[in-house]
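Here is a quick briefing to read with the structure open beside you.

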Amino acid sequence: MAPGTRPTSPYLASGFYDRALAAGRHRDIVGGRWDETARAQMACLSAEGMQPQHRLLDIGCGALRLGHKAVALLDPGHYWGTDASLA
């Protein structure tokens with residue numbers, strides 16, 4: 001990246017993930033409101049009829065904001081999460 005230019009997203013800034021993870025701020029990476037947003041996401045999925053036998057693919061799962069709630073509802077092996085951040 002040329003000096004004086006900014007990435008289009010703070011997530012693309014060099015060292016962003018390393019600094020956040022080193023500081024223990026993995027939940028902040030997803031924008032904060034980790035637990036509150038997870039509750040809202042689960043309410044939406046439950047209202048749409050999600051049942052324990054259903055399967056959930058969480059694309060962009062990040063710090064498992066939704067995942068930490070969904071695994072408690074879903075049968076074992078029915079939650080999968082993937083994220084672009086290898087960290």
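**Around Y17**

Y17 is partly exposed, because its relative accessible area comes to 25% and the cut-off for buried is under 20%. Keep in mind that this is a predicted model. The protein chain has three helices and two strands, and along the sequence they run in the pattern α-α-β-α-β. Of the 87 residues in the protein chain, 23% are buried.

**The aromatic pair**

- The structure has one aromatic pair.
- F16 and Y17 are its two members, and their arrangement is edge-to-face.
- The ring centres of F16 and Y17 sit 5.2 Å apart, with 85° between the planes.

**The loop between α1 and α2**

- I29 belongs to the loop between α1 and α2, and at 11% relative accessibility I29 counts as buried.
- Setting aside neighbours within four places in sequence, I29 is in contact with Y11, F16, Y17, A20 and L21. So both members of the aromatic pair, F16 and Y17, are among the contacts of I29, where contact means heavy atoms within 4.5 Å.
- I29 and F16 are 13 residues apart along the chain, and their C-alpha atoms are separated by 9.0 Å.
- G32 is also found in the loop between α1 (16–22) and α2. With a relative accessibility of 17%, G32 counts as buried.
- Not counting residues up to four places away in sequence, G32 touches R27 and R65.
- R65 is 33 residues from G32 in sequence, while the two C-alpha atoms are 9.6 Å apart in space.

**Helix α2**

- α2 covers residues 34–47, which makes 14 residues. From first C-alpha to last, α2 reaches 20 Å, close to the 20 Å expected at 1.5 Å a residue.
- Which residues of α2 are buried? They are W34, A38 and M42.
- Viewed down the axis of α2, the buried residues fall within an arc of 60°, so they line one face of the helix.
- The background is simple: an α-helix has 3.6 residues a turn, so residues three or four places apart point the same way.
- What covers the buried residues of α2 includes α3 (67–73).
- Just after α2 comes G49, which takes a positive phi of about 100°.

- β1 spans residues 56–59, and its side chains alternate.
- How do β1 and β2 pair, in the parallel or the antiparallel sense? β1 and β2 (residues 79–82) pair in the parallel sense, over four bridges.
- Among the bridge partners, D58 goes with G81 in β2, and I59 goes with T82 in β2.
- β1, α3 and β2 together make a right-handed β-α-β unit.

**The loop between β1 and α3**

- L64 lies in the loop between β1 and α3.
- Phi of L64 is near 60°, a positive value in a residue other than glycine.
- For context, most residues other than glycine have a negative phi.
- Is L64 buried, partly exposed or exposed? At 39% relative accessibility, L64 counts as partly exposed.

**Contacts across the chain**

- Take the contacts in the protein chain between residues at least 6 apart in sequence: 41% of them join residues at least 24 apart.

Terms used:
Residues are numbered from 1 along each chain as its sequence is written. This is a predicted model: local features need pLDDT of at least 70, side-chain atom pairs count only at pLDDT 80 or more; totals for chains, interfaces and linings use all residues. Side-chain values use heavy atoms; hydrogens and water are left out. The expected span of a helix is 1.5 Å times one less than its number of residues. Buried means under 20% relative accessible area, exposed over 50%, partly exposed in between (1.4 Å probe, protein chains only). The arc is that of the directions from the helix axis to the C-beta atoms. Rings of Phe, Tyr and Trp (its six-membered ring) pair if their centres lie within 6.5 Å; planes under 30 degrees apart count as stacked, over 60 as edge-to-face and the rest as tilted. Two strands pair if DSSP finds at least two bridges between them. A crossover is right-handed if, with the strands pointing away from the viewer, the path from the first strand over the helix to the second runs clockwise.
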